[in-house]
Amino acid sequence: MYTIASFLLRTQANVRETLKEFFRGLMKKDIVDLLLVPQETSSGRSVVYTLVKDPNKLLSPDPVGPLVLVSGATVLSNLTFRDPGAVIGVVLRPCEVRAAIELVKLGQANLSPVLLIGVDCLGTLDPRVYREEVMQTGARALSEQWLTSLRSGLVKGVRSACQICSEVASDAVSVHIGFIGTGPNEILVEVKNSLVERLREATGLVEGTASERSSLISWHKEERQKVREEKLLAWQQSIDDLPRLIAEFATCLKCGNCRKACPICYCKECVFEGRIFDHQSSSYVNWATRKGLIKMPADTILFHLTRLCHVGYSCVSCGMCESACPVGLPLATLFPAVAEKIQAIFNYVPGRSLDEVLPLTTFKEEELEPR
Amino acid sequence: MKQLSVSEKRVAQEFEPKIIAFLCNWCSYVGADLAGTSRIQYPPNIRVIRVMCSGSVDPLYILKPILEGADGVLIAGCHSGDCHYLNGNYKARRRVAMVKTMLEQFGIPGDRIWFSFISASEGRVFADTVRRMVTRLKELGPNSMKAQWEI
């Protein structure tokens with residue numbers, strides 16, 4: 001475990017300006033060559049990931065805005081799958097950090113050219129809800145409101161995945177930017193000790209802590225953990241046979257958005273979109289003959305169950321699948337509810353540490369009692 | 001005389017479970033072969049698919065027959081330390097445990113899916129495994145997914 005030093009950034013004009021100077025400092029002092037950070041779009045109606053090379057083009061960093069369209073872990077994988085030849089600072093939320101750790105273990109990302117910068121997160125909005133809100137207020141005002149809620153530790157209307165997420169701050173990062181429990185004119189910055197001197201020189205940090213922070217965070221953890229246990233148990237008890245699952249997923253249109261949005265589901269060509277499922281016409285006729293009738297398109301439930309097996313052990317409950325689903329299937333409950341049971345067999349917690357080996361790539365000589 | 005449809009005929013007869021078996025090329029498939037050449041009797045409820053390693057059986061290939069209405073799936077590989085690919089059999093054991101856990105959440109008994117270590121010399125073990133599996137599947141009754149078309 002690293003020792004962590006805690007600092008405060010005093011905000012001058014506003015938080016965005018302060019963060020801009022902080023991030024620019026990192027780039028100008030060559031702590032990072034590039035920065036992957038969410039920024040407000042020029043339309044003022046969205047917040048998207050940007051890869052910044054020129055510090056002067058870093059204009060509106062917004063790691064607080066309650067919107068994640070694509071998991072930062074997916075972007076990180078794109079950037080580091082092959083050596084980028086530069087050090088990239090990557091600003092991620094806790095669920096994205098967990099997914100990034102899983103992707104490293106799956107051989108799809110590399111953290112050695114990366115400086116991980118975590119941010120506090122109490123949840124984000126469903127993209128549809130975000131769009132409605134942003135059309136009224138604009139992205140900047142929405143982010144400012146959100147920041148105020150974040151400081152007090154109270155947010156409303158977050159996605160169902162976020163409602164059951166108890167990890168509000170990741171400790172697997174080198175630098176962490178915190179807002180929960182901070183005063184109106186400050187930002188908390190926690191730094192791994194090895195980085196302290198360089199960072200201080202680059203960004204004007206002053207020593208300090210946020211007094212109410214730890215109690216607010218542990219209160220949140222407890223509350224969310226309680227909600228999670230109740231919600232998942234209720235789901236496990238209500239959807240306890242295949243006909244009920246089939247009923248719950250009756251409106252699946254097999255678009256595959258959930259797998260495209262999932263940071264863990266990394267295959268370039270999914271088995272469900274390859275030749276294996278490119279069936280002969282005669283096969284459909286045979287199946288219809290055997291059962292009397294079949295649903296078309298076929299294999300929607302097979303798709304979800306297979307995905308549960310393929311990514312279940314590494315599922316970090318980020319809920320990107322549910323946000324991407326055009327018919328709002330309760331994927332952010334299905335996956336954690338089943339993944340929890342799968343992960344329990346192997347006593348595995350995804351995204352916790354790079355040192356924990358993926359459960360399906362390892363084994364014990366004697367376990368699980370063969371038949 | 002009225003022509004019975006395929007499904008009506010099936011109901012009319014006594015329940016005979018249908019098992020899809022994935023047998024590893026190096027051990028279990030040879031074991032099954034030995035059972036045959038040794039004239040060891042075992043129930044004919046099994047449909048064998050030869051695979052190069054039990055570790056190559058993706059969950060998809062276990063789930064598809066179960067959703068299609070097969071009554072059981074058997075995955076058999078080499079004994080501890082005998083895997084032709086070092087440790088595919090151990091990884092298969094973990095994968096099968098995972099699939100079983102998931103299916104149990106959805107009301108499919110874990111006992112529909114069996115994982116066994118059967119070596120090339122164990123014709124008798126193979127026959128015995130099939131016999132025990134058929135007995136257990138008869139207790140469980142037919143897989144209800146047989147009649148389910150919305151999969």
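Between domain 1 of chain A and domain 2 of chain A, 13 residue pairs are in polar contact, both partners at pLDDT 80 or more. Salt bridges between domain 1 of chain A and domain 2 of chain A number 0. The model is predicted, and these values are computed from it.

Now place the two domains. In the domain assignment of chain A, domain 1 covers 4-225. Domain 2 covers 241-361. The centres of domain 1 and domain 2 of chain A, taken over C-alpha atoms, lie 30 Å apart. Each domain brings residues to the contact: 24 from domain 1 of chain A and 24 from domain 2 of chain A.

Next, the area. About 2000 Å² is buried between domain 1 and domain 2 of chain A. Carbon and sulfur atoms give 58% of that area. On the domain 1 side, three residues lose the most area to domain 2 of chain A: E102(A), K105(A) and L106(A). Together they account for 27% of what the domain 1 side buries.

Which helices of chain A each supply at least two residues of the side of domain 1 that touches domain 2? They are helix 2 (72-80), helix 3 (94-105), helix 4 (127-137) and helix 6 (160-163) of chain A. Helix 3 of chain A gives the largest share of this side, with 8 residues.

Last, the residue types. The side of domain 1 of chain A that touches domain 2 of chain A divides into 14 nonpolar, 4 polar and 6 charged residues.

Definitions and conventions:
Residues numbered from 1 in each chain as written. Chains lettered and ligands numbered in written order. Predicted model: local features only at pLDDT ≥ 70, side-chain atom pairs only at ≥ 80, totals over all residues. Heavy atoms only, no water. Domains from an automatic or database assignment. Contact = heavy atoms within 4.5 Å. Buried area = accessible area lost by both parts, 1.4 Å probe. Salt bridge = Lys/Arg side-chain N within 4 Å of Asp/Glu carboxyl O. Polar contact = N/O pair within 3.5 Å; in protein donor to acceptor, adjacent residues only side chain to side chain. Helix = DSSP H or I, 4+ residues; strand = E, 2+ residues; numbered from the N terminus. Nonpolar A, V, L, I, M, F, W, Y, C, P; charged D, E, K, R; others polar.
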